Amino acid sequence: MLDIKFIRENTELVNQALTNRHDDASLEEILTLDQQYRERILVLEELRRERKAAARQKQASEEMINKGRELRTNIQSLEEEIRGLNAQLNDLLLRIPNIPDPSVPVGKDETDNVVLRTWGELPAFDFKPAPHWELGESLGIIDFERGVKLSGSRFYVLKGMGARLQRALITFMIDLHTNEHGFEEIYPPYMVKQECMVGSSNLPKFKDNLYHDEEDDLWFVPTAEVPLTNLHRDEIIPPGILPIYYAAYTACFRREKMSAGKDTRGIKRGHQFDKVELYKYVEPATSGEELEKLLASAEDVCRKLKLPYRILQLCTADISFASVKSYDIEMWAPGCSEWLEVSSCSNCGDFQARRANIRYRPTPDAKPQFVHTLNGSGLALPRVLIAVIENYQQADGSIIVPEVLRSYVGADVIR
RNA sequence: GGAGGGAUCGCAUAGUGGUCUAGUGCGGGCGCCUGCUAAGCGCUUACCCUGGGUGACUGGGGUCGUGGGUUCAAAUCCCACUCCCUCCGCCA
């Protein structure tokens with residue numbers, strides 16, 4: 001969420017940001033509401049001051065009681081009006097996206113993202129590389145039909161070495177991030193309360209993409225970013241604690257309403273998938289460099305797996321709602337011959353911190369201020385699984401297990 | 001799922017309609033005193049919104065788990081919700 005004061009004082013800048021993002025939200029109504037709200041508050045406070053002063057008198061005369069009745073009526077109707085204004089204002093504010101950093105290229109859609117660099121050699125095969133859905137079925141490690149039988153389209157079952165390979169990847173990633181990159185491992189709930197979804201910017205705008213349990217009003221996390229953001233919701237972090245680095249493995253649940261019909265083949269886009277997520281709470285001045293470090297931590301996974309990848313700088317139209325600046329990591333998948341997004345690393349500035357009310361105290365006697373938060377996948381499992389299967393495939397349909405995974409998998413080759 | 005108890009400043013607690021402008025103790029901070037790692041004394045101690053002043057500062061309002069309600073007046077009474085505790089039942 002943006003600071004209403006900031007919007008008030010930098011309306012042009014915010015409007016420009018909305019234009020650059022191709023977001024159709026409007027500030028006009030917000031500014032009108034804000035002005036009304038503040039005018040009414042002033043009147044209300046004066047009435048309350050009168051009531052307070054009167055209530056301090058011990059004895060109440062008939063006259064005072066009558067005057068008090070009148071005050072009460074006025075205060076109540078004013079309070080109701082202000083509540084309404086505030087609710088409207090808040091709802092609109094929650095739908096305004098973050099302002100992109102000036103270094104983010106202005107673009108109209110994802111085709112304006114910029115490839116910053118590419119790492120590794122694209123593998124050369126002396127046979128036609130197969131897509132993972134063919135390899136997965138022939139090796140008996142991915143069962144699409146039974147996934148559909150259990151849960152419908154966009155669900156699949158991993159079997160035997162397929163399940164094991166995924167579990168190996170998860171463990172490998174968490175070990176890497178906790179042992180070498182300074183992250184603390186977190187195992188969070190997969191279902192959270194509504195206010196968590198608001199704090200991490202998933203609600204109200206992206207309701208359609210979330211699973212929701214009606215009976216207990218719990219929301220299924222679409223990413224561990226949600227619980228990790230809310231871990232410190234409504235907290236003031238004491239001096240000397242930041243930066244905080246968290247790594248969490250969770251399943252992720254997405255209805256994929258916005259991507260209906262897209263990527264229905266294989267395991268690229270399911271309703272349920274696994275992900276190792278990296279998350280940082282940092283001091284505002286450091287968030288720029290922390291984003292670069294976050295990206296490096298995620299990249300390290302690709303390098304250790306020896307999988308070719310490239311780094312994209314996302315343009316203004318493609319960075320996520322809460323983001324100031326984002327990089328995507330895409331791995332090469334020779335079977336389906338496309339670059340697969342395996343990670344998106346974002347600096348959210350104080351956007352989520354303001355929504356979730358996460359502050360820190362720079363020094364013991366300083367006023368609390370909002371932290372900056374960053375998130376990035378490290379990495380998303382199904383697509384890494386695809387990349388491993390397709391890049392490490394051999395002519396006979398077997399898959400070589402990447403060196404760093406062998407101790408976890410307990411085999412050199414999956415056949 | 002059933003029955004009961006509870007949520008007040010960092011911690012512990014007092015407060016059952018106006019004397020609460022929320023007290024006290026501990027802890028924290030600042031200072032004073034003192035010939036000695038102690039003790040004592042004084043002051044101070046959260047957050048949000050909104051105004052004034054260049055500034056050191058300062059005015060107003062709100063917050064006693066959350067949201068409503070009753071009342072001239074609510075920490076206190078009523079309703080709903082959230083969370084915690086105790087007991088019973090069920091349970092991987």
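In which loop does Glu-215 lie? Glu-215 lies in the loop between strand 6 (212–213) and strand 7 (218–220), where helices (H or I, at least four residues) and strands (E, at least two) are DSSP runs numbered from the N terminus. This is a predicted model, in which local features need pLDDT of at least 70 and side-chain atom pairs count only at pLDDT 80 or more, while totals for chains, interfaces and linings use all residues. Residues are numbered from 1 along each chain as its sequence is written, chains are lettered from A and ligands numbered from 1 in the order in which they are written, and side-chain values use heavy atoms, with hydrogens and water left out.

Chain A has 13 helices and 18 strands, and its C-alpha trace spans about 95 × 45 × 40 Å along the principal axes. Of its 415 residues, 49% count as buried, a term that stands for under 20% relative accessible area, with exposed meaning over 50% and partly exposed in between (1.4 Å probe, protein chains only).

Glu-215, at a relative accessible area of 73%, is exposed, and together with Glu-195, Glu-214, Asp-216 and Asp-217 it gathers in a surface patch of negative charge. Patches are made of residues with over 30% relative accessible area and no salt bridge, like charges being joined within 9 Å and nonpolar side chains (Val, Leu, Ile, Met, Phe, Trp, Tyr) within 5 Å.

Lys-325 is buried yet has no salt bridge, and the nearest side chain of opposite charge, Glu-292, is 4.4 Å away; a salt bridge requires a side-chain nitrogen of Lys or Arg within 4 Å of a carboxyl oxygen of Asp or Glu. The Lys-325 side chain does make a polar contact with the side chain of Ser-103 (3.1 Å), that is, a pair of N or O atoms within 3.5 Å of which, within protein, one must be able to donate a hydrogen and the other to accept it, residues adjacent in sequence counting only if both atoms are side-chain atoms.

The backbone deserves a look as well. Most residues other than glycine have a negative phi, and most peptide bonds are trans. The bond from Leu-242 to Pro-243, however, is cis, with omega near 0 degrees, and Pro-243 is found in the loop between strand 8 (235–237) and strand 9 (244–253). The bond from Gly-378 to Leu-379 is also cis, with omega near 10 degrees, and Leu-379 is found in strand 16 (residues 372–380).

Definitions and conventions. Accessible areas come from the Shrake-Rupley method with a 1.4 Å probe; for residues, only the protein chains shown count as cover. Lys and Arg count as positive and Asp and Glu as negative; His and the chain ends are not counted. The place of a charge is taken as NZ of Lys, CZ of Arg, CG of Asp or CD of Glu.
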